[in-house]
Every structure is written in structure tokens, then in C-alpha cells.
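Welcome! Take a moment with the sequence and the 3D view, and then let us walk through a few places together.

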Amino acid sequence: METLRVLELYSGIGGMHYALKHSSKASAKSHSESGISGQVVAAIDINTTANQVYRHNFPGTPLWNRTIEGISLDEFQNLQFDMILMSPPCQPFTRLGRQRGIADPRTKSFLYILNLLPRLSPLPRFILLENVKGFESSSVRQYFVQILMECGYIFQEVMVSPTSVGIPNSRLRYFLMAKISTESICSKSKDLQMSLLPAETESSVEPSLSSPQKPVTSSLEKEEEMEDRVLYKLETTNDAQRKLNQNRNLSIRQIQDFLEPQENDDMDQYLVPSYVLLRYALILDIVKPICRRSICFTKGYGRYVEGTGSILQCDLETEIESVFKNLDQFSEEEKLQQLQGLKLRYFTPREVANIMGFPKSFSFPDQIPTRQRYKLLGNSLNVVVVTRLLHQLLSKW
Ligand code: SAH
């Protein structure tokens, strides 16, 4: 089996590295494939907490605690890498961020990489980039695509959410997969550009890289749009219907498949505190173990309430509707008692990691506090989604 030398930029807690490992395994199993595997020759990130987690899980991988824009062409050149995996910081492109794109100082390191790319010799054969929804319409994406074409890459863009690989979690993300064109590396022909499709594959289990373009706003995208918006209002009938439909979609697994054993003694620390119950009960996104949906876990999970991730209802005897219907007739004390009866708790970091496709072998060093764990996971990616995309990038083209 051929082993690619892989450069992992913005490595965080190593979501890309796990996807690479998993896609290598998948390709080794399916003998029909080309059998390419990868070895991370350098992972680069400036977040020291993320780096502690990375090192803990990948002790054998060279990890550079440096700013990307401080690394010289020669240093990159010496790594002799065949593939780049990267998730540049996404704040410049989020809807709540000011969408400054190219003008935002946080894109500096990515622009540095783009300027460096044409000067690498040889060019890396494969590139996979992950980013938030919004990147596809940014000036940075346009510049990226222009550089790829000038360098002779063919590429494909997709929008994928974990629901499309059977995982009960919405996390719509932009991916670009590029491969160097073998015919003529110098050709600048537009034909090299493969179909440019933001393909949200909400219903299919396989993330299809060639599915036709769908209408711009699917219901799922609407939910994703709510991901970082403050929700003051109560649920509308539309919301309720959409959730019902998601829970009926049997191609998606149930939340219970991703939970830790409920008898763990330390689960009480994850119960939603009383003041949150009293002030925010009506805006929590509550799911039960049998549900087949949850909203995106963001870096503020466990800290901010609105739209940062779903809450789990552990008492299954009580009907949530019956509690919520009469809530305003109760005194504060009774209200709290009713709400506490539902045993609402946060998903543990381990459970969030499970939902995001991190393997059992992944763990946090003991000293990393819970909030940091949520934050790091919130910045990471769904490993199962990226595994599928990498597998396709390495085997089908
Ligand atoms: N894919 C990663 C997360 C990427 S989030 C994972 O699986 O965890 C973006 C990461 O880029 C953050 O960890 C941040 O620390 C890092 N970063 C941002 N700007 C950087 C720069 N200029 N140089 C190096 N790392 C940077």
C-alpha cells in the first residue's frame, strides 16, 4: 500500500488525522480500491490546549506549536508532503462574524498558504479543506479556487451535514477536495474544474459528490442558520414538524447509540442548573435517547444556552409537553420542581465526541476542564463525514 506524506494544518485536536486513519483502514478493507494510506508528517496549530490533546492522542506525530505564517517555504518544502488537510479558522466567514473574509486578520495564515502553494515543488497531489457554511460565497474561496486552477488542480466542493451519513446531528459544513490533474500540470484550462456543486445530501446516506444542485435553502440549512442565532421565541409549528420528520428518518441512528452508560455516578455534574432551567427552559433544544436529531454542538456548549447544542432528557416517564404546557401557571418553586423532574442534562464531552465520530481510543488528558473540552470539540469536525470524503478523494478520482 502506498503511504502519502500528509501535512495537517490548523490541526486542533486532530479530527482530520482520525479521518485519515479511518479512511486508510476503509481502503485497506475494500480490496478494489487503490489502497492509499497516509502518515501525518507534521501537524501545525497555535492553540496550546488543543496541542496538549493532540499530543496525548498522537504522541508519535511531529506537532509544531507555531503560527503557520511564520513557517518558511523551505521548512514546508523539506516536509515533502503529498497531501494537505486543513480547517482554517472559520470566524471570518460565519454569518454572525462580520464576514470580512479576505480583510480579516484571521485569514492571513490561509492567504499565506495560498501564496506559498504555487511555489512548492512538487505540488501536493491532494488537498482537503473544511470550513463553515458561508465560505462558499467568500472572496477567500474565490481566490483559493483561482490558485487551484492556476496550479492545475481539479477540485470539487460539497456541503455535507452528518445527517447524510446517518448521524443524528446537524453540522452543515463546506468541503473542497482537490487533486492534481495528471494530464497536464501546467494547463490552466477551465475544463479542469469539476462540477462545482454545493450538494446538501440531507436524505441520502452516502455523501454524493456528484449529486445535482439542490434548491438553495433546504429545511436543514434553515436549522443550521439557527445554529448561532439567539432564539428568544418559543418553537413554531414548523419547527415542531421538522423535528418530528427528522425523528422519523430511519436512515439516521438514534441518539442512544452515542451515550455513555447512564449509571455513571458522575452524570449529575452535567444536569442543567436551576437558573438555566428557570430562565431558558423554553428555548432549550431538548432531545430524548430515542430521537434521531440534535443541533450542532458549538464551542459555547455548556456555557451559553441559546443554540449551542442539544440537551438530553433523561427522565422518560414524564411527557415534556405536559410539563411545558402548564409551566406559566406555576410558582417559581413548582416550575423548578416540574422541570427538574425531566432530568435535563448536557451531553458529556465523551458523548459529543462520539456523535462527532471520534473513536473510543480518543481521550482528553485529565487536566483539560470540561468547558475547554466542549470548546475544542465545537471547533473540530465530524470525523465520519471527513472519512467518507477522504476515501472518495483518494479512491474514486
Ligand atoms: N480541524 C481541527 C480544528 C480546526 S479549528 C480539529 O479537528 O480540531 C482552527 C484551528 O486553527 C484552531 O485550533 C486554531 O488554534 C488554529 N489556528 C488559527 N490560526 C492559526 C495560525 N495562524 N497558525 C496556526 N494555527 C492557527
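## Empty spaces inside

On a 1 Å grid over the protein atoms alone, a cavity is a set of points where a 1.4 Å probe fits but cannot get out, and its lining residues have an atom within 4 Å of a point. Grid points are joined across faces, edges and corners, and a volume is the space filled by probe spheres set on the points. Rolling a probe the size of a water molecule over the atoms shows where empty space is left. By this rule there are four cavities of 30 Å³ or more. The largest cavity has a volume of about 50 Å³.

Which residues line the largest cavity? They are Phe76, Gln77, Gln80, Phe81, Leu120, Ser121 and Pro122. Sorted by class, this lining has four nonpolar, three polar and no charged residues. Here Ala, Val, Leu, Ile, Met, Phe, Trp, Tyr, Cys and Pro count as nonpolar, Asp, Glu, Lys and Arg as charged, and the others, Gly among them, as polar.

## How to read the model

This is a predicted model, in which local features need pLDDT of at least 70 and side-chain atom pairs count only at pLDDT 80 or more, while totals for chains, interfaces and linings use all residues. Residues are numbered from 1 along each chain as its sequence is written, and side-chain values use heavy atoms, with hydrogens and water left out.

## Around the ligand

A residue is near a molecule if one of its heavy atoms lies within 4 Å of it. Of the 19 residues around the ligand, Ile13, Gly15, Asp45, Glu69 and Ser380 come nearest. The shell around the ligand divides into six nonpolar, ten polar and three charged residues.

Some of these neighbours make polar contacts (pairs of N or O atoms within 3.5 Å; within protein, one must be able to donate a hydrogen and the other to accept it, and residues adjacent in sequence count only if both atoms are side-chain atoms). A backbone N or O atom of Ile13 lies 2.9 Å from an oxygen atom of the ligand. The side chain of Asp45 has an N or O atom 2.6 Å from an oxygen atom of the ligand. For Glu69, a side-chain N or O atom is 2.9 Å from a nitrogen atom of the ligand. On its own the ligand has 570 Å² of accessible area, and the protein covers 88% of that. Accessible areas come from the Shrake-Rupley method with a 1.4 Å probe; for residues, only the protein chains shown count as cover.

Most residues other than glycine have a negative phi, and most peptide bonds are trans. Tyr10, which is not a glycine, has a positive phi of about 55°. Gln80, also a residue other than glycine, has a positive phi near 50°. The peptide bond from Ser121 to Pro122 is cis, with omega near -5°.

Where do these residues sit? Helices (H or I, at least four residues) and strands (E, at least two) are DSSP runs, numbered from the N terminus. Tyr10 is in the loop between strand S1 (2–9) and helix H1 (15–29), Gln80 in the loop between helix H3 (73–79) and strand S4 (83–86), and Pro122 in the loop between helix H4 (108–116) and strand S5 (126–132).

## Buried or partly exposed

Buried means under 20% relative accessible area, exposed over 50%, and partly exposed in between (1.4 Å probe, protein chains only). Tyr10 is buried because its relative accessible area is 13%, whereas Gln80, at 42%, counts as partly exposed. In helix H2 (residues 48–57), Thr49, Ala50, Asn51, Val53, Tyr54 and Asn57 are buried. At the start of H2, a side-chain oxygen of Asn47 comes within 2.9 Å of the backbone nitrogen of Thr49.

Is Ser161 buried or exposed? Ser161 is buried, because its relative accessible area is 0%. Ser161 belongs to the loop between strand S6 (153–160) and strand S7 (173–180), and its side chain reaches the backbone nitrogen of Arg171 at 3.0 Å.

Phe358 lies in the loop between helix H11 (349–355) and helix H12 (370–379) and is buried, with a relative accessible area of 4%. Phe358 and Gly15 are 343 residues apart along the chain, and their C-alpha atoms are separated by 7.4 Å. Thr3, in strand S1, is partly exposed at 43% relative accessibility. The C-alpha atoms of Thr3 and Asp82, 79 residues apart along the chain, are separated by 9.4 Å.

Note on methods:
On a 1 Å grid over the protein atoms alone, a cavity is a set of points where a 1.4 Å probe fits but cannot get out, and a pocket is an open set with protein on both sides within 12 Å along at least five of seven lines; lining residues have an atom within 4 Å of a point.
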